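This briefing is for a reader who is new to the structure shown below. It covers a pocket, a residue and some helix contacts.

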Amino acid sequence: MVSGGNAADGKFLELIRHARRGKFKIYIGLAAGVGKTYRMLQEAHALLAQGVDVVVGYVETHNRKETVQQLEGLPVIPRKAVFYKGRSLEEMDVPAILQRRPEMVVVDELAHTNVPGSAHEKRWQDVVQLLEAGIHVISAVNIQHLESLNQQVEKITGVEVTERVPDSVLRLADEVVNIDLTIPELLERLQAGKIYEPAKVEAALRNFFQKDHLLQLRELALREVANQLERQIDTAHITPDRRHTEKLLTCIGTNAKGAREIIRKSARLADRYHAEWYLLYVQTSRETSLNIKLATQRHLINNLQLATELGAQVLKVKAEDVAEEVLREVNERQITLVTLGITTGSFWQRWWRKSITGEIISRITAANTETDIYLVNY
């Protein structure tokens, strides 16, 4: 379910009472300070009062007075000390939670990157482990941490968000709750020192917390929650024989930044249309490991991994005629939509990319297939 959300609402309580696999609830917001952690803890108190065995696995209060107060009276699993480069750092103690086996655990900062050497690289992976163990989880994340929106957020704010959560994690959620706050209210909280300490407020107002940035992030958050609701409604009404009637083929090259943008936009298209999604990279003799830089190879591998994480089936083939290979995949897999990239760089870059993209479009059009083409500018 996707909703505006009330603490310990009856439907989510009903879910956790009758579940074997852990149920998952995510609070999502437009930025830090909207009240996600506060609401999680508020719900934990309400569940505790109704007899649910709730513990706090990890919460970051940022020394916010109201949030610290909400922690009082809740059972807390002590954090685990992890030594890294001569420093003692704290992480969520997953083994201790598994041993304690509560009904419900509160886990903050879903996009957090764990200290190197931890069992999992990311906290969302810790959460998946808890869910698989039958433990219900309430967690929180800001919209800018969603993988498929990464470059869109960077364009809005000028900030590249390095800690990200795959969209598939959001799709695991049984309930997604938007913690909405008007921009004037959020800025008022910021200026009152309720989000960051006073010394950081002016810098925040000049950078991430600009009014226009926040308005666009709020729109992204509202749209994402609406999409989640629509997705769940569609899934509930789609019969097995109607699933994956749409088939999406995404074509990328070795342009690292362009490929990332194409992959992320394709992921959202695939999700929107419940499409079976393939990603194709055609390696020509010009792009063998001997002919391209090591950094380019590394970026390509990372992009293929990103596509896999976002749900694509990766196809890597060797051929000299890229357009012919794309057409072959379109025909063999009965592709209904192809996504291609067009660069907005220099004239020669545009000419070179257009020559490949244009040829692919020409081949698909000439073949008289019922395949749509979606162009991504980067």
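**Pocket, helix packing and a buried glutamine**

Helix 2 supplies four residues to the lining of the largest pocket, which is the largest share. The model described here is a predicted one.

**The largest pocket**

- The space in the largest pocket comes to about 1000 Å³.
- Its lining is made up of 42 residues. Those that lie nearest the centre of the pocket are Ala32, Gly33, His62, Arg64 and Ile195.
- Two or more lining residues come from each of helix 2 (36–49), helix 3, strand 7 (136–142) and helix 9.
- By class, the lining of the largest pocket has 16 nonpolar, 13 polar and 13 charged residues.

**Glutamine 70**

- Glutamine 70 sits in helix 3, which covers residues 65–71.
- Is glutamine 70 buried or exposed? Its relative accessibility is 16%, and buried means under 20%, so glutamine 70 counts as buried.
- Apart from neighbours within four places in sequence, glutamine 70 is in contact with Tyr38, Leu41, Gln42 and His45.

**Helix 8 and helix 9**

- Helix 8 (residues 183–191) packs with helix 9 (residues 198–206) at an angle of about 150°, and their axes are 9 Å apart.
- Angles over 145 degrees count as roughly antiparallel, and helix 8 and helix 9 are therefore roughly antiparallel to each other.
- On the side of helix 8, the contact is made by Leu187, Leu190 and Gln191. Helix 9 brings Val201, Ala204 and Leu205 to the contact.
- The contact of helix 8 with helix 9 has five nonpolar residues, one polar residue and no charged residues.

**Helix 6 and helix 11**

- The axes of helix 6 (residues 150–157) and helix 11 (residues 256–272) cross at roughly 115° and come within 8 Å.
- Helix 6 takes part in the contact through Asn150, Gln151 and Lys155. From helix 11, the contact residues are Lys257, Arg260, Glu261 and Arg264.
- Which classes of residues make up the contact of helix 6 with helix 11? There are five charged and two polar residues, and no nonpolar ones.

Methods:
Residues are numbered from 1 along each chain as its sequence is written. This is a predicted model: local features need pLDDT of at least 70, side-chain atom pairs count only at pLDDT 80 or more; totals for chains, interfaces and linings use all residues. Side-chain values use heavy atoms; hydrogens and water are left out. Buried means under 20% relative accessible area, exposed over 50%, partly exposed in between (1.4 Å probe, protein chains only). Contact means heavy atoms within 4.5 Å. Axes are lines fitted to C-alpha atoms, for helices over the stretch in contact, and angles run from 0 to 180 degrees between N-to-C directions. Angles under 35 degrees count as roughly parallel, over 145 as roughly antiparallel, 65 to 115 as roughly perpendicular and the rest as oblique. Ala, Val, Leu, Ile, Met, Phe, Trp, Tyr, Cys and Pro count as nonpolar, Asp, Glu, Lys and Arg as charged, and the others, Gly among them, as polar. On a 1 Å grid over the protein atoms alone, a cavity is a set of points where a 1.4 Å probe fits but cannot get out, and a pocket is an open set with protein on both sides within 12 Å along at least five of seven lines; lining residues have an atom within 4 Å of a point. Grid points are joined across faces, edges and corners, and a volume is the space filled by probe spheres set on the points.
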